[in-house]
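Please consult the sequence and structure shown below.

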Amino acid sequence: MNRVNWPTSIFLISTLILALTATPAYAFVYGIDWYLWLLFLGFFLATGLSITLGYHRLFSHRSFQAKWPVRFFVLLFGAASFEGSAIGWAADHRYHHKHVDHDEDPYDIRKGFFHAHMGWLLVKFQAPRSLDNVKDLLSDPLCRWQDKYLVPLAFLAGFGLPTALGALHAGWIGALGGFLVGGIARVVVVQQMTFFINSLCHMIGDQPYSFRCTARDSWLMALFTFGEGYHNFHHEFQHDYRNGVKPWQWDPTKWTIWLLNRLGLVSNLKRVPSEKILLAELVAAQQRIASHLSRVPTGESMCRIAAAWHECLHQVAASLAAYREEVSSAIEEKKRISQEMLLMIRRELRLALAQLKLGASILAS
Ligand SMILES: [Zn+2]
Ligand SMILES: [Zn+2]
């Protein structure tokens with residue numbers, strides 16, 4: 001019992017219970033009008049993006065620089081998401097990246113879904129957490145201010161503001177609605193969304209860039225996490241401001257950063273060169289093919305389909321190896337590969353992976 005983190009546990013459990021009981025009861029008795037929906041959406045976007053764009057990509061990874069109005073906004077609404085201060089959040093997150101899938105990883109997925117999701121928050125750390133890995137944030141006066149006044153800021157911006165806005169619209173019934181819908185329900189939704197990044201994003205999806213850790217890419221998770229679901233890319237290239245790096249991938253956090261850049265509010269957006277990303281994809285595809293090859297039965301027992309498949313995989317592996325050679329020597333010589341060439345290699349890579357999937361499913365059936 002000494003290890004239970006009581007304030008966090010009581011907050012997480014009571015908000016969850018209220019969101020599942022009091023909020024639906026309010027909706028049943030008074031209904032939820034357009035104003036309350038708008039309030040929910042506004043606070044959902046402000047606090048959700050403050051976590052993904054602010055706490056995560058700006059403060060934890062320094063993937064771009066932001067002027068003070070942006071930093072102030074994400075610190076205020078980050079507090080309103082009730083996920084602690086930016087300094088504490090970033091410290092935990094930097095430990096996660098440095099020690100991913102090991103004991104020092106605060107949300108180590110090897111300890112199970114619930115631990116990585118929210119279980120780790122319900123207990124205290126074995127030893128007091130060192131803030132040595134966030135010295136840059138400790139020297140930022142705005143971050144220090146948020147850390148110092150975190151509790152009043154969180155309650156004022158997270159519960160006080162939606163309650164007051166609800167009251168302005170419809171008196172005390174509006175105030176109650178603002179509190180339950182724009183406050184309680186929204187806090188629970190945004191928190192669960194963040195928790196999914198630490199749990200399901202290490203369980204569901206593909207590993208197109210690296211097999212080094214459990215992080216995975218999933219468009220489904222990206223839909224629920226403002227684009228953070230492309231977690232395999234993120235763990236491989238953590239300083240890139242994009243998580244969904246492909247143009248068609250759902251990444252509203254990336255789009256918001258891009259827009260703020262256009263408005264002159266953020267700058268120095270970090271991007272990993274396309275060649276390096278392609279090289280990671282080629283290496284991962286080669287490893288995937290090698291692992292399939294090792295599983296295809298060989299010798300007398302090999303059926304005709306398996307033999308043809310074996311041969312095909314060898315050819316694909318050889319052409320990927322040639323492309324990999326070409327891309328790595330371009331990177332070493334600091335030469336850019338032409339856009340046409342990049343597109344052609346990507347097309348071949350996609351084709352190879354599609355063949356791999358098809359062959360594996362034919363052999364499995
Ligand atoms: Zn992760
Ligand atoms: Zn990260």
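Asn268 is placed in the loop between strand 2 (266-267) and helix 13 (274-295). The model is predicted, and in it the phi of Asn268 is near 50 degrees, a positive value in a residue other than glycine. Most residues other than glycine have a negative phi.

**Loop residues with positive phi**

- Asn268 counts as exposed because it has 11 C-beta neighbours inside 10 Å, and the cut-off for this class is 12 or fewer.
- Arg62 also has a positive phi, of about 50 degrees, although it is not a glycine.
- The position of Arg62 is in the loop between helix 3 and strand 1 (65-66).
- Arg62 has 16 C-beta neighbours inside 10 Å and therefore counts as partly exposed; a buried residue would need 20 or more.

**Packing of helix 3 with helix 12**

- Two packed helices are described by the angle between their axes and the distance between the axes.
- Helix 3 (residues 34-60) packs with helix 12 (residues 252-262) at an angle of about 75 degrees, and their axes are 10 Å apart.
- Helix 3 is therefore roughly perpendicular to helix 12, since this class takes in angles of 65 to 115 degrees.
- On the side of helix 3, the contact involves Leu49, Thr52, Leu53 and Arg57.
- These residues meet Thr253, Thr256 and Ile257 in helix 12.
- By residue type, the contact of helix 3 with helix 12 comprises three nonpolar, three polar and one charged.

Note on methods. Residues numbered from 1 in each chain as written. Chains lettered and ligands numbered in written order. Predicted model: local features only at pLDDT ≥ 70, side-chain atom pairs only at ≥ 80, totals over all residues. Axes fitted to C-alpha atoms, helices over the stretch in contact; angles between N-to-C directions. Helix = DSSP H or I, 4+ residues; strand = E, 2+ residues; numbered from the N terminus. Parallel < 35°, antiparallel > 145°, perpendicular 65-115°, else oblique. Contact = placed C-beta atoms within 7 Å. Nonpolar A, V, L, I, M, F, W, Y, C, P; charged D, E, K, R; others polar.
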